[in-house]
Protein chains: 2
Amino acid sequence: MQPLVELYEIAVEGPSLKDNTGDLDRLRRAIAERFSSGCEPTVPYSCMGRVAVNFRRAGFSGRAVVNLLPSGPELVDFIEPPSAHIVGMALDLGTTHLEAVLLELDSGKRLAEANCENSQIEFGADILSRIHYAAEPGGLDILHGAIIACVNKLAAELADRAGLLIEEIRALCVSGNTTMAHFFLNLDPYHLIREPYIPLVNMPDPCRAAELGLLIDRGAPVWVMPGVGSYFGGDLVSGVVASGLGRSDKVSMLIDVGTNAEVIVGNREWLIACAGAAGPALEGGVARMGMRAGPGAVERVEIDPDSGELSYRTIGGGKPRGICGSGIIDLVASLYLSRFIDIRGKFRPGRNSDRFVETGEGLAFVVAGGAETADGQPVLFGQVDLDAVMRSKAAMYSILTTLVNQVGIGFDELEHIYVAGAFGRHIAPRQAITLGMLPDLPLEVFKPIGNSSLAGAELVLLDGQARTECRELVKKITYLELNVNQEFMIRFSGSRFIPHTDHALFPSVPFFNED
Amino acid sequence: MQPLVELYEIAVEGPSLKDNTGDLDRLRRAIAERFSSGCEPTVPYSCMGRVAVNFRRAGFSGRAVVNLLPSGPELVDFIEPPSAHIVGMALDLGTTHLEAVLLELDSGKRLAEANCENSQIEFGADILSRIHYAAEPGGLDILHGAIIACVNKLAAELADRAGLLIEEIRALCVSGNTTMAHFFLNLDPYHLIREPYIPLVNMPDPCRAAELGLLIDRGAPVWVMPGVGSYFGGDLVSGVVASGLGRSDKVSMLIDVGTNAEVIVGNREWLIACAGAAGPALEGGVARMGMRAGPGAVERVEIDPDSGELSYRTIGGGKPRGICGSGIIDLVASLYLSRFIDIRGKFRPGRNSDRFVETGEGLAFVVAGGAETADGQPVLFGQVDLDAVMRSKAAMYSILTTLVNQVGIGFDELEHIYVAGAFGRHIAPRQAITLGMLPDLPLEVFKPIGNSSLAGAELVLLDGQARTECRELVKKITYLELNVNQEFMIRFSGSRFIPHTDHALFPSVPFFNED
C-alpha cells in the first residue's frame, strides 16, 4: 500500500566547507536512497523555493513530501514534526452531485465526509445542455470556474470538519464521467457528443493543485481517474478498481445506472464495456413525483396480489414527498404481479381499484394519497411514467444481453454482478428481475457496491497498485459502441415486455396469459 | 545531435467509432513509437488544452513539439506546416552584462544576436550588494522581476531581428554564475556568501517559461546550467562543456577571469575546480580610468625599453576613453620590461620620464595625455592601480599553482590552458607570463575560447550529449575551497613579485638585479 503522497523521514548532515552540495541536491540524493530505483525525485518549479527554505530551516532533518506519480517521484515540500500524516481528498465528481471524503493516507482513516450539489446545474441541468453552454463565448471558463469553486468549497468543508486548514490537504483524486473530467480540466467537451464521440483526453497526466486554481496545497497532485471514452469515464474505471472486477480469474459484471447505464464485463484477462441511454426513470427522474433517493422518498413498495392493498416505506420513515428509483422498480414489479398492469406495461383499469384516478395526462395510480404526504399532494404514478420505466428497463436488459452475447457467454457464467451507486444500494434485485430489467439469476449473484466512483478514488489515494491498475485497465478495456449496434436495437424490441417476449429467459417470474 | 526541443512529424488516422482513443492519448502513443524506449511523453497541464485542440484542428497530421528533458519527454504543442524549425535562445546571464543568441535548433544556424546591461545593476553594482538588497523586504522579488524583464526584452529583440514573434522562441538555456541563477529562479541567495557558502540548489530541474513569467512560448523548457557551488556556477560548467575539457584523455585547464578567477583542471576521468577573488583589476575595473573592453578602451600598450617611448591601440581605433584589462596587463608588463617599475610593482621615478606625474593620490603614469583622449582628460595609471594589479596577478598565479599542486602535476603536463571570456579574447599570454600571472609555457598552450558560458548554453540547446555531460560533470567536479586553504596564502606571498620570488619558475622572463 503506497499512498499517492508519501512522507520520507530524512536526517542528513548539514553542509560544510568540505561538501558543497546544494541544499536541494542534498535532499534529493537522500530521498533517492530510499527508492529501489535509486532515482532522484524532480522538484517542480512552483515548489522549489519552499522545499529548499523549509529543509534548511528544519536543520536538514524532518520529513520530505513526495508525490509518487507515474512519471516518477516529485518532491514538493519539507515539513517538520509533529506533522506526521498526509491528508488527501477523494472526490466523486457527479453531474448533479459531488461526494467527497478526507483520508489520512498512511492509515486510510476517514477524517471527514462532505457532499454538495454540482454548482454547474445553474448553467444546465444535464450534461448535454452544459456542453452546449460551454460552446458559447466564455462558457467553458465559466463552467470550469464553477466546478473548481465547488471543489474548493467542499475541500474547505472537509478540512474544517477534520480540524485542518485547506492547505493541509496534500492530494486529490477526482473520479467523474468524461464530460465532468473535461470541465474540471477546462478542456473543450465539444466532440464528446458528436460522432465519433472522442474525448480530448482519456488519461490526463496528474497536475498540481495550483495549476487548476485549487486552494489545497499548491504541490498537491491532482489525479483525474482515466476514462475509456466519452460514455465510459473515470467514474466507471473507479468502479472496476473498487469492485476488483479486473483482478479476478472469474468473469463478473459491473452495472452503473444513472441517466446512462454503463456496463462492463470481464476478468483479469479481458474487459468489454458499453453504455447506453437508460433514460432518467431509474434515477427517480420520471414524471412529477420522481426524486433522488433521499429523506421522504418512497423506496419500497408492496402490493398484496389478492387484496390489492399497497404498503410502502420512505427513506427516513417520514411522510412521503415523492418516489425514487428503487421505489419505482418495486412499484412497477408489484403492479405487474398484482395485475394492475399488463405485460406491455399498460394499466389495466379493468382490475378495479380506487387507486386509479384520471388526470389531465391520462390514467394514474395513487401511490400515496394527499392525506398521507408531506405537502398534501398525492404521489401519483401515471401511464407516461410507466412508459418511461418500460423504455429504461428494456434498454437496460438489451445492453446487458448485447454485451454478454458479444463476449459469447451466458449470464449464468457470471460470478458476480456488481451494482454500483444509489441504484445498487436501494433496488431489490428480485423486483428488477420481475420487471425483466436484470437477468433471472440467484439473488446472491448481485452485489451492491455503493458509490464505487468515490471508493475507486480513495483506493488511488491509498494504494500504488490501484494507480497502476487504473492506468492499465483503460488500455485493456474494449469499448462497444451501442449507438450504431444493430443487435442492440433488435434486442430492445423484445425487452419491451414484462419480463420479456422470450419467457424462458425468466423462469422465476410468473407469466400471465392475458385477456 | 538531439536538440532540447524536437519536432516529430505525425500523421495518424483520425478517430472513428471503432477506435475511441482520446485525441491526446492517440498523439502520445504515436510519439512513443518514435522513441526507442517506447515511453509516452507526459503532457503538462498548462499545454494540455492547446495540444489537443491543435492536433484535432490540424486533422491529426502535423508536427508534435516535444521537450526532451532528463525526466523524460514532454509534449507541449502541435503545429501545422509550414513551421519547420524550432527556435531556441541561449543566454549568458552575467552579473553586469547579458549576451544572447537565437538558434535554429535542427540546423544550429544562428539567427540573431543581442546583448544588454543587467538591469539589476540599478539595485547593486556587484553581486554582494545585490545579495544584501535581496534580504530587504521585497528585495528578492524585485531583483527576480528585473532580471526576468531583462531577459524578456532580449528575447523580444532577438525575435524581432529574426523576423519572428517572441512566442515562437520555444526553448531557453541560461548560463550564469550561481547567484545570478538564484535570482533568475527567485531563490534566496542569502547563504551563498555565508560560510559554508552553500547554494539552495546546484542542479535545478528544467521548468517551463510561463512559470517564470517569461514571454517566450509558455511550454518552452528553461534549462538553467547546473553549477558546482556558490563560487563555481553554471557559466563555468558551460565553459567546461564548450572547451571539451571533460571529454579529453589529456589533462587541460580552463581559466575564467572576472572579479573572481575560476579555474578547473582535469580530463575525462577527474576534474578539480577552485575559485578565488582576483579583484576587479583584470576586468578593467581598476581606478578611475579602468573600463570594460569596448570602443575607446586602450587594449594594447607597448613601451620601447630603450627609448621609453609608448605606443597604444584602442578598441575601434578612436581616441582613448580609458584602459581595459588587456591594456592594463600589457602596460604593467611593459613598465616592468622598460624598468619603469621594479619587481615589487612600485614605480621607479629614478628612471626619468615626462610620463610620471604627481596626483593627489601619489605618483601616476600617463598612458595618454589629455590632448589625445576623447574627453580631454589624460588616461592615468597610478600606484594604487598598480598595487591592485599586483594583488590580482598574485591571486591568479597562486590559484593556478595551488590547484595543480593539489592534483600533483606540473604545469608542463597540461595539454591546453583554455582562457575564457573577454579576458581570454583580449590579453596577450606573453605579457601575462611576463607579469607572472600565467605560467611560463609555450604560447600555443593558451587557447582563448571567447564567451564559453554562452557557447555551452548553445550546445545544450542543440545536443543531447551536452545536456547529459553537464549534468554528469557537476557530480564529477571536486571543488577546492580556497578561502580556508593555508597553501594558497603562502603561495600568494611569493607571487607578489614580478614575475615571482622563485625566478626559476619563469625562465623566459628577464630578471633585473635591482638598485
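Which residues is A:S452 in contact with, leaving aside its neighbours within four places in sequence? I looked this up first, taking contact as heavy atoms within 4.5 Å. I found A:S238, A:G239, A:A242 and A:A420.

**A note on the model.** This is a predicted model, so I keep in mind that local features need pLDDT of at least 70, that side-chain atom pairs count only at pLDDT 80 or more, and that totals for chains, interfaces and linings use all residues. Residues are numbered from 1 along each chain as its sequence is written, chains are lettered from A and ligands numbered from 1 in the order in which they are written, and side-chain values use heavy atoms, with hydrogens and water left out.

**Entry: A:S452 and its helix.** I placed A:S452 in helix α11 (residues 452-462) of chain A. Helices here are DSSP runs of H or I with at least four residues, strands are runs of E with at least two, and both are numbered from the N terminus. Next I checked burial, where buried means under 20% relative accessible area, exposed means over 50%, and partly exposed is in between (1.4 Å probe, protein chains only). A:S452 has a relative accessible area of 3%, so I noted this residue as buried.

**Entry: a covered helix in chain B.** I then turned to helix α6 (residues 234-243) of chain B, where nine of the ten residues are buried. Among them are B:G234, B:L236, B:V240 and B:S243. Just after α6(B), I saw that B:G244 has a positive phi of about 85 degrees.

**Entry: where the chains meet.** How many residues of chain A are in contact with chain B? I counted 47, and they touch 47 residues of chain B. The two chains bury about 3,700 Å² between them, with 59% of it on carbon and sulfur atoms. Buried area is the accessible area (1.4 Å probe) that two parts lose on being put together, summed over both. In chain A, the residues that lose the most area to chain B are A:L17, A:N20 and A:Y45, together 21% of what that side buries.

I also went through the pairs across this interface. The rule finds 24 residue pairs in polar contact, both residues at pLDDT 80 or more. A polar contact is a pair of N or O atoms within 3.5 Å; within protein, one must be able to donate a hydrogen and the other to accept it, and residues adjacent in sequence count only if both atoms are side-chain atoms. On the chain A side, the elements giving two or more residues are α1 (23-32), α2 (45-57), β8 (207-208) and β21 (477-481). Helix α2(A) gives the most, with seven residues. I sorted that side of chain A into 24 nonpolar, 13 polar and ten charged residues. Here Ala, Val, Leu, Ile, Met, Phe, Trp, Tyr, Cys and Pro count as nonpolar, Asp, Glu, Lys and Arg as charged, and the others, Gly among them, as polar.

**Entry: salt bridges.** Side chains of opposite charge can pair when their charged atoms come close. For a salt bridge I used a side-chain nitrogen of Lys or Arg within 4 Å of a carboxyl oxygen of Asp or Glu. I looked up A:D205 with B:R28, which meet at 3.2 Å, N to O.

Within chain A, A:E9 pairs with A:R63, their closest N and O atoms 3.1 Å apart. A:E9 sits in strand β1 (residues 5-11) and A:R63 in strand β2 (residues 61-69), 54 residues apart. A:E9 is partly exposed at 43%, whereas A:R63 is buried at 15%.

Another pair is A:D217 with A:R50, at 2.9 Å between the closest N and O atoms. A:D217 lies in the loop between β8 and β9 (221-224) and A:R50 in helix α2, 167 residues apart. Are these two buried or exposed? I found A:D217 buried, and A:R50 buried too.

**Entry: cysteines.** With a disulfide taken as a pair of cysteine sulfur atoms within 2.5 Å, the count over all chains is zero. For A:C116, the nearest cysteine sulfur is that of A:C150, 3.7 Å away. I noted A:C116 as buried at 8% relative accessibility.
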